[in-house]
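Hi there,

Have a look at it first, then read on.

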Amino acid sequence: SDGGCNTPTPSDQTAAVEGWAVLNQQPPIWMQPPSELTHAEYAAFYKAISGDFDEHLALKHFSVEGQIGMRALLFIPKRAPF
């Protein structure tokens, strides 16, 4: 017996690793020109962010430029969420 002494084994030790890992290679859909996107890509994005099984009723992909610029997607669902 080792007298109750617990010595750490290599499997008990952890090491902190810092760094960046790229999780998504695709650019954000709202940053792409609307002419380069298909209805299927918009529908897949809508279903992924909303959790809805149906496709969207309407969509507006727009950009506003001025002192502050922004690009956005506005989806209108087919049915109320409740």
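H56 is buried, at 7% relative accessible area; buried here means under 20%, exposed means over 50%, and partly exposed is what lies in between, using a 1.4 Å probe and protein chains only. This is a predicted model, so please keep in mind that local features need pLDDT of at least 70 and side-chain atom pairs count only at pLDDT 80 or more, while totals for chains, interfaces and linings use all residues. Residues are numbered from 1 along each chain as its sequence is written, and side-chain values use heavy atoms, with hydrogens and water left out.

Back to H56, which belongs to strand β1, residues 56-64. Helices (H or I, at least four residues) and strands (E, at least two) are DSSP runs, numbered from the N terminus. Leaving aside residues up to four places away in sequence, H56 is in contact with H39, Y42, A43, Y46, F75, I76 and K78, where contact means heavy atoms within 4.5 Å.

Strand β1 also holds H61, another buried histidine, with a relative accessible area of 15%. What does the side chain of H61 reach? A polar atom of that side chain lies 3.4 Å from the backbone oxygen of W30, and the side chain also reaches the backbone oxygen of Q32 at 3.4 Å. For reference, a polar contact is a pair of N or O atoms within 3.5 Å; within protein, one must be able to donate a hydrogen and the other to accept it, and residues adjacent in sequence count only if both atoms are side-chain atoms. Again not counting residues up to four places away in sequence, the contacts of H61 are I29, W30, Q32, P34, L37, Y42, A72 and L73.

Now the charged residues. The count comes to 2 salt bridges, each being a side-chain nitrogen of Lys or Arg within 4 Å of a carboxyl oxygen of Asp or Glu. One of them pairs D52 with R79, with the closest N and O atoms 3.3 Å apart. That pair links distant parts of the chain, since D52 sits in the loop between α1 (39-50) and β1 while R79 sits in the segment after β2, 27 residues apart. D52 is buried at 13% relative accessibility, whereas R79 is partly exposed at 47%. R79 also forms a salt bridge with D54, at 3.3 Å from N to O. Because D54 lies in the loop between α1 and β1 and R79 in the segment after β2, this pair ties together parts 25 residues apart in sequence. D54 is partly exposed, at 33%. Through shared partners, the salt bridges join D52, D54 and R79 into one network.

L74 is in strand β2, residues 70-77, and is partly exposed at 44% relative accessibility. Accessible areas come from the Shrake-Rupley method with a 1.4 Å probe, and for residues only the protein chains shown count as cover.

Finally, the whole chain. It has 1 helix and 2 strands, in the pattern α-β-β along the sequence. Of its 82 residues, 15% count as buried. The chain exposes about 7300 Å², of which carbon and sulfur atoms supply 58%.

Best wishes
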